[in-house]
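Please examine the sequence and the structure shown here before reading the report.

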Amino acid sequence: MTTSKIDNLEISKLTEDILLVHQKKPPFYFSCSDGIIILPKKGRNANSIVLDLNIEPHLIDKLNDIYGPVTNYICSHGHMDHIAHVHQWESLGAKIHAPFPEHAYLLELHNFYIGFGFIDAMEFSVIKEFAEKNGYKECQEVIPFKPGHTFEFEDILIETIPLLGHSKAHVGFLIPEERLFHISCLGFDKNSPEKDGFGPWYGFAECSIEQYLIDITQTELIFLNQANFLTSSHSYIVKNPERAPFIYMRRKIAKNQELVDHAIKSHNLTNKSIETSNYLLRLDFFYPKRKMEGYLLEIYNFWESGIIRKHVERSKYLN
Ligand SMILES: [Zn+2]
């Protein structure tokens, strides 16, 4: 069931007192992620708890008017679309929790710049511009937790599930008693069954395709055995025993590999050198970089070369 009391927000009821919230039109590419509001329930939690709902500040204010106060907010990882607006929840009184070591990216943009390795490829000013476009503001205080930690707020348990293929601190959220599983940014990014998306994303050096495949298998098992609903940062709601998200994510990774393998064969590339990766980067097959310029082009070049290098490394056509 969908209720829509606030313009530009889609609010879906997962259970009687747990909501999935989606900002329909984000102001910029990496400024928003869907997240969960756990409303108060007698004998469970007296105040609202929010999971990874990074949306524009004026929308956070409106949600807080209806569903607040929010005592605790848990962030899933340090990518821009999960950290930009968290400061607003903090200013409304929520304690902010985020996974170590990416919790530091909410405190200072420069940590984000160094932590994800942008520093090896571009000036800080590029990242500053990117952050400003996405509305990023710093938090004052963030409480770090270790991926895998279980939160206990009054009588509700929220397990964080490390899904580290996507980033070194990335977690999903399992609420066993409510049979809900939120897989955050793992790579199920279809906002309706008929739409396509990019799929799993692994553009930073720290990402790992091998770990991704393990994470997908693990989330599939958790979902099928322990949850009624599967939600994520950029997708529609999936009901058990639907396996489409897992088939989709594996297929996307395999297709990306095929794309790179095919290019390697048809261009007669012979080894895993940096030149091979750079050559493939110029073919523009993951992002339409020919249409880009300025800071955005620098960032997409960096991400795409990360993705390509991982597939080059795995290619059976190269030594
Ligand atoms: Zn992410």
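The report covers the basis of the model, its aromatic pairs and its zinc site.

## Basis of the model

The model is predicted, with local features requiring pLDDT of at least 70 and side-chain atom pairs pLDDT 80 or more, while totals for chains, interfaces and linings use all residues. Residues are numbered from 1 along each chain as its sequence is written, and side-chain values use heavy atoms, without hydrogens and water.

## Aromatic pairs

The whole structure contains 30 aromatic pairs. Rings of Phe, Tyr and Trp (its six-membered ring) pair if their centres lie within 6.5 Å; planes under 30 degrees apart are stacked, over 60 edge-to-face and the rest tilted.

Phe-30 and Tyr-300 form a tilted pair, because their planes stand at 45 degrees, with the centres 6.3 Å apart. This pair links distant parts of the chain, 270 residues apart: Phe-30 lies in the loop between strand 3 (18-23) and strand 4 (35-38), and Tyr-300 in helix 10 (residues 294-314). Helices (H or I, at least four residues) and strands (E, at least two) are DSSP runs numbered from the N terminus. Phe-30 is buried at 18% relative accessibility, as is Tyr-300 at 9%. Buried means under 20% relative accessible area, exposed over 50% and partly exposed in between (1.4 Å probe, protein chains only).

## Zinc site

The zinc ion is coordinated at 2.1 Å by His-77 (NE2), His-79 (ND1) and His-166 (NE2). Donors are N, O and S atoms within 2.8 Å of the metal (3.2 Å for Na, K and Ca); water is not among the atoms, so sites may look incomplete.

Along the chain, the donors follow the spacing H-x1-H-x86-H. His-77 and His-79 are both buried.
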